[in-house]
Amino acid sequence: MDENTPSTMGCQNCADKGRRKFLVRLSIALSSIGAALVAVPSFAFLLGLRKSPQIWRTVGNLDEFKIGSTVNVSFQDPSPLPWAGVTAQTAAWLRRVDDEQFIAFSMNCTHLGCPVRWLATADLFMCPCHGGVFYADGQVASGPPQRPLSQYPTRVYNGQVQILASPVPIT
Amino acid sequence: MRFLKRVWVWFDDVTGISAMIMPLLDHPVPRARKSAWFYVLGSATLIVFLIQVVTGIALASSYVASSGQAYSTLVFITGTPFGRIIRGIHSFGASAMVILIGLHTIRVYLMAAYKYPRQVNWLTGAGLLLLTLAMLFTGQLLRWDQTGFWSVVIAAEQAGRVPVIGNWLGHFILAGDTVGGATLSRFFAAHVFFIPGLIFLLVGFHLYLVIHNGISEPPEIGHPVDPKTYRHWYHALLARDGEPFWPYAAWRDVVFGFLVVVTIVALAVVIGPPVLGRPPDPTIVEATPRPEWYFLWYYALLSVIPKWSEDLVMIWGPALFGAVLVFLPLVAGKGQRSPLRRPWSFVIVAFALFMIAYYGEVGRVAPWSPRMDAPPLPAQVVGMESGPIAEGARVFHDKGCEYCHKVSGYGGVRGPDLTYAGDNLTTAQMTTRIYSGGTNMPSYNGNITSAQLSALLAFLNSRHRQPTGAPSTPPQ
């Protein structure tokens, strides 16, 4: 209906329908462009994710780790922001399998991400949040988790044990 | 005084303030009589929100939303005499918010005030309820102690269950690949700017609608809402039996609001703010993240639902709740308002409250959580200091059995109490269970030596009710 478009609202018998339509459309167009000029960069900043490179981090010398034992190691995130403080660290469970082979398990329970604890005498990982339990090889033993513990890539480089600092496993 | 009066007259002339405010104060409202005190809950919620804004501003003047430093700024705030009280008011205010908004929602629902012409007001209220839940979650996170830190990870993991965009959504919540410098600022901006901005807008619209449509009259049995005649009938009611809002109805809002404020401040002064947990150090493995009391029921729910239903519940549960909130006024916008003619409304409210209370308590006990701090069984429980039974008791602790099974009051509650296992189970049954595990129990096949197994069986077989010989102390 002619009276109900924005350009002709409130205008029953206007003599200058054409001029009116133009002015209304000009206002809407300029407002939209102005809003977009501000909104687009704001949203792009907000929604854009900072992709970090994956970096090999040293967690200790080869001879610090006993074969067969699983220990808690920590390493710095790749390119942390200067004010990240203590949260720039990530921890992992590192097991020396044999002379040159290591397995690094992510601390995050595969159920909802709580930190799992390694119980050395029981050879089990247990999660305090919803009761998830994992065997020594990371497979699910009982409780709600559906996937085995994630692993970080490891390597031995110049006598140093290194873990590839990677994103928190979400899915 | 005359001078002040002249200033006021000038100010009022150029702003028109009294012409705007006086009609609001004087506008007639239905006399609520026996139901009058039910109507104070909305204003009480608003008052507590304003308390949160004021104390929040005070906190924000010292709090630094830096992932590395937030914790120490909170330690600083808590160490100052008034900082402690402000933190306490803000924390008890948060609990008051969730209680009052819940009671207000229940009152409106039971009195069917969501029906014509107040449907959109219900929708704005639903929006405010969801925003309040978001504030509660982001607020506790800002404490940025261990629990706050891990709750971000848990939120990201739950978001990760959304199909297609889950991974992106999870990392969006973390503001990166891992929790780091950018994470906390994101939640600070949400909790302090973005969500409160939306709340202010919706509250404004909500209050405007209350004025525009008038506050609902207490429902009468046998008087259903008919959109064709309601407005006319309502205005006739006001003309016949209305009273000015100020002060004849508003005084109750003031009294109740005052009591709420006094309670919150008293609790803040006497009990104080929540104790700060350990710093948000991701390398501290001994963390036991738990949500605040008002989310314990959801935490418990996620722990007890079957594995296969988790994605459904986490995504569709909230979606269903939102859909119900939105469709209620649209589907049931007219008809009987009195709860006595809508008995299911009582059932639904009672059921919801019962479930929240019940699962809240379950979440508080968290029986599924292994009691990893359970000490080895003391000698008077074991009954021996050496030999296979004593060795078995050590295996019982070291292999993690005690974390889930109680013996004589020591241990966890996830699995059955084994205080009288020797009476209840044969050795064959015990061996089978240890080897094959169960839904909530790991299998020890390959994880226990035969020497350990024999000792463990000796210990378990020694667990009897008195006086059949072998030692067993009853639970404390």
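**Entry 1: ground rules.** I number residues from 1 along each chain as its sequence is written, with chains lettered from A and ligands numbered from 1 in the order in which they are written. In this predicted model, local features need pLDDT of at least 70 and side-chain atom pairs count only at pLDDT 80 or more, while totals for chains, interfaces and linings use all residues.

**Entry 2: domains.** I looked up the domain bounds, which come from an automatic or database domain assignment. For chain A the assignment gives domain 1 (2-47) and domain 2 (55-165), and their C-alpha centres lie 57 Å apart. For chain B it gives domain 1 (36-365) and domain 2 (379-461), with C-alpha centres 45 Å apart.

**Entry 3: strands of chain A.** I took helices (H or I, at least four residues) and strands (E, at least two) as DSSP runs, numbered from the N terminus. Two strands pair if DSSP finds at least two bridges between them. In chain A, four strands form an open antiparallel sheet in the order β2-β3-β4-β9. Which strands are at the edges? They are β2 (70-76) and β9 (151-152) of chain A, each of which pairs on one side only. β2(A) is joined to β3 (residues 89-96) of chain A by seven bridges, and the two run antiparallel. A:Thr70 has A:Arg95 in β3(A) as its bridge partner.

I then followed β11 (residues 160-165) of chain A. Six bridges join β11(A) to β1 (residues 55-61) of chain A, antiparallel, and A:Asn61 is partnered there by A:Gln160. Four bridges join β11(A) to β10 (residues 154-157) of chain A, also running antiparallel. In that pairing A:Val156 stands opposite A:Val161. β10(A) and β11(A) form a hairpin with two residues between them, and A:Asn158 in the turn has a positive phi of about 55°.

**Entry 4: where the chains touch.** I counted two residues as in contact if their C-beta atoms, placed from the backbone, lie within 7 Å. By this rule, 55 residues of chain B are in contact with 46 residues of chain A. On the chain B side, α7 (146-159), α8 (166-174), α9 (181-213) and α13 (296-304) each supply at least two residues. Which helix gives the most? α7(B) does, with seven residues. The chain B side divides into 22 nonpolar, 24 polar and nine charged residues. Here Ala, Val, Leu, Ile, Met, Phe, Trp, Tyr, Cys and Pro count as nonpolar, Asp, Glu, Lys and Arg as charged, and the others, Gly among them, as polar.

**Entry 5: cores.** A residue is buried if 20 or more other C-beta atoms lie within 10 Å of its own, exposed if 12 or fewer, and partly exposed in between. A nonpolar core is a set of buried Ala, Val, Leu, Ile, Met, Phe, Trp, Tyr and Cys residues joined through C-beta atoms within 7 Å. Among the 100 residues of the largest nonpolar core, A:Ala92, B:Val48 and B:Val152 touch the most other members. Helix α5 (residues 81-110) of chain B contributes the largest share, nine residues.

**Entry 6: helix α21 of chain B.** I checked the length of α21(B) (residues 450-461). The expected span is 1.5 Å times one less than the number of residues; for these twelve residues that is 16 Å, and the end C-alpha atoms are 16 Å apart, which agrees. Its buried residues include B:Ala455 and B:Phe459. The buried residues of α21(B) pack against α17 (388-398), α19 (421-424) and α20 (427-436) of chain B.
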